[in-house]
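Hi,

Here is the structure I promised to pass on. Have a look when you get a moment, and then read my notes below.

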Amino acid sequence: MSLLAICALVFLTCPVKSVHIDYGNKTYHFGGWIPGTPQVITATLSPLVEGYLNREVGLKFSPSLAFKFKAIDYSDESYSDTDIRNGDLDFIYSITGRLGCIEAQFGWSPLATQRAYVNGSDTGAQGSIVYSLETNTGIRNISDFRNKRVGVGMVLSSNAYHLGYQLMADHGVNLFSDVAQLVFYGSDYDDQVRDVLGGNLDVGITASSWLYVNHANDIPLLHVHNPTRAAADGEAFPFLTSTQLAPQYGVSASPDVPLGVKEAVADALFRLDRGDAEAVRMSVSGFEVPASYWLVRNLLQQMGLLRVGGGGGGGLLPSCVRPYAGVLDTITCPPGYVRQSEEVMAKQCKKDGLACPRGGQCFCRPCAPDHTVAIFPARTVLVMCCVLLGLALLCSAGWVLLLESSNACGAAADAARA
């Protein structure tokens with residue numbers, strides 16, 4: 001037998017000890033948020049973490065690692081910033097608006113973007129549905145939203161808030177100064193849909209694929225505004241959307257998590273198949289490489305939800321709004337308007353007879369005209385400037401004629417005396 005054959009036989013028959021990095025017998029804490037109660041969040045996401053990741057990642061290490069799930073961001077008391085600052089969270093699954101804020105504020109890094117799977121179609125993008133009740137014939141165009149009741153989702157949701165805000169602005173309607181009542185539904189989007197169907201809300205803004213997953217039977221009862229067939233990264237979006245598209249939910253990791261653990265978690269997420277029980281429960285077909293958050297961060301900054309520094313190189317400040325306690329502070333009035341106090345808005349709600357829907361945070365006409373500043377349309381200002389300029393020219397010409405006339409009179413008088 002040749003020497004090469006003997007070496008090959010020895011290699012194949014002798015046990016080889018695996019080479020590994022000892023990360024210790026550590027438990028990694030995985031926070032997650034989807035619209036719903038903490039019970040719904042836990043029932044939907046914990047199997048992915050405590051079942052799939054423990055099985056596909058934890059057992060691959062020696063000593064083994066463990067993954068523990070925690071529902072976050074469903075109330076002000078469960079706001080994840082506190083856990084992040086205390087080092088009690090290592091991974092987060094959430095909407096890209098929330099992840100974009102966390103990554104800018106705390107230096108976390110994106111690991112993966114999910115692909116939603118609904119009615120045989122999957123996508124890594126997410127649109128926003130702006131809708132009203134089909135039988136409400138008084139609302140057929142976005143311009144009809146003026147003096148109506150409009151509901152949005154969580155403050156940091158691009159798909160249930162920011163994209164709808166931008167769509168209304170593009171059609172000349174400001175969500176803060178033109179609507180009668182603005183309702184934030186926080187974590188429970190089901191209430192928003194029920195309120196529109198029940199006539200307690202005129203217009204709702206929510207995530208498109210979420211609506212198709214959770215209220216498919218209700219969609220024929222709804223009038224979708226600005227219905228669009230869109231595409232992202234060359235891939236057709238399989239659902240109707242009222243707005244441009246942003247990435248689906250994603251997973252981000254703390255900078256304190258070792259690179260080897262991050263890579264193992266990302267690899268496991270990429271291998272998740274839509275037939276796996278955990279994927280079926282989440283209505284996803286799997287995960288893919290992280291999508292760009294450029295649009296998400298741009299909207300966060302434009303709306304003042306993610307502050308941009310003035311000094312210090314002009315970078316992102318470590319400051320994101322609280323999605324529940326800080327709602328009022330997120331309302332930025334257009335030029336010529338001023339934000340009302342909570343007391344004034346409460347009186348306005350009572351005056352207009354607008355009750356606050358269950359579970360919502362309500363603001364009636366949050367931005368009112370600033371009477372300390374005269375507000376004129378641009379065309380009016382232009383006309384006024386032209387009139388003033390004309391008067392100035394006439395006055396100038398009048399003075400010239402008066403001086404010339406005076407000089408002429410003086411010359412005539414001098415000639416007569418001569």
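This is a predicted model: local features need pLDDT of at least 70, side-chain atom pairs count only at pLDDT 80 or more; totals for chains, interfaces and linings use all residues.

With a relative accessible area of 40%, Cys356 comes out as partly exposed, because buried would need under 20% and exposed over 50%.

Now the disulfides. Searching the whole structure turns up 3 of them. Cys356 belongs to one, bonded to Cys362 with an S to S distance of 2.0 Å. The torsion about that S-S bond is about 85 degrees, so the link between Cys356 and Cys362 is right-handed.

Another disulfide connects Cys349 and Cys364, with 2.0 Å from S to S. Here the torsion about the S-S bond is about 105 degrees, so this disulfide is right-handed. Cys349 sits in helix α11 (residues 342-352) and Cys364 in strand β20 (residues 361-364), so the bond ties together parts that are 15 residues apart in sequence. Cys349 and Cys364 are both buried.

Then there is Cys333 with Cys367, again a disulfide at 2.0 Å from S to S. The link of Cys333 and Cys367 is left-handed, with -85 degrees about the S-S bond. This pair links distant parts of the chain, 34 residues apart: Cys333 is in the loop between β18 (316-320) and β19 (337-339), while Cys367 is in strand β21 (residues 367-369). Both cysteines, Cys333 and Cys367, are buried.

On to the sheet that β20 belongs to. It is an open sheet of 6 strands with mixed pairing, and the order is β11-β7-β10-β8-β9-β20. The edges are β11 (222-224) and β20; each has a single partner strand, so one side of each is left without a neighbour in the sheet. On average, and ignoring direction, neighbouring strands of this sheet are turned by 25 degrees against each other.

Going through some of the pairings:

- β7 and β10 run antiparallel and are joined by 5 bridges; Val130 stands opposite Ile205 in β10.
- β8 and β10 run parallel, with 2 bridges between them; Val150 has Val203 in β10 as its bridge partner.
- β8 (residues 149-152) and β9 (residues 181-184) pair in the parallel sense over 4 bridges; Gly151 has Val183 in β9 as its bridge partner.

Helix α5 (residues 158-170) packs on this sheet and touches β7 (128-133), β8, β9 and β10 (203-207). The direction of α5 makes about 125 degrees with that of β10. As for β10, this strand is mostly covered, with 5 of its 5 residues buried.

How do α2 and α8 lie relative to each other, roughly parallel or roughly perpendicular? The axes of α2 (residues 38-56) and α8 (residues 259-271) come within 10 Å and cross at roughly 105 degrees. The two helices, α2 and α8, are therefore roughly perpendicular to each other. On the α2 side the contact involves Leu48, Tyr52, Leu53 and Glu56, which meet Val265, Ala268, Leu269 and Arg271 in α8. By type, the residues of the contact between α2 and α8 divide into 6 nonpolar, no polar and 2 charged.

Cheers

Terms used:
Residues are numbered from 1 along each chain as its sequence is written. Side-chain values use heavy atoms; hydrogens and water are left out. A disulfide is a pair of cysteine sulfur atoms within 2.5 Å. Buried means under 20% relative accessible area, exposed over 50%, partly exposed in between (1.4 Å probe, protein chains only). Axes are lines fitted to C-alpha atoms, for helices over the stretch in contact, and angles run from 0 to 180 degrees between N-to-C directions. Angles under 35 degrees count as roughly parallel, over 145 as roughly antiparallel, 65 to 115 as roughly perpendicular and the rest as oblique. Contact means heavy atoms within 4.5 Å. Ala, Val, Leu, Ile, Met, Phe, Trp, Tyr, Cys and Pro count as nonpolar, Asp, Glu, Lys and Arg as charged, and the others, Gly among them, as polar. Two strands pair if DSSP finds at least two bridges between them.
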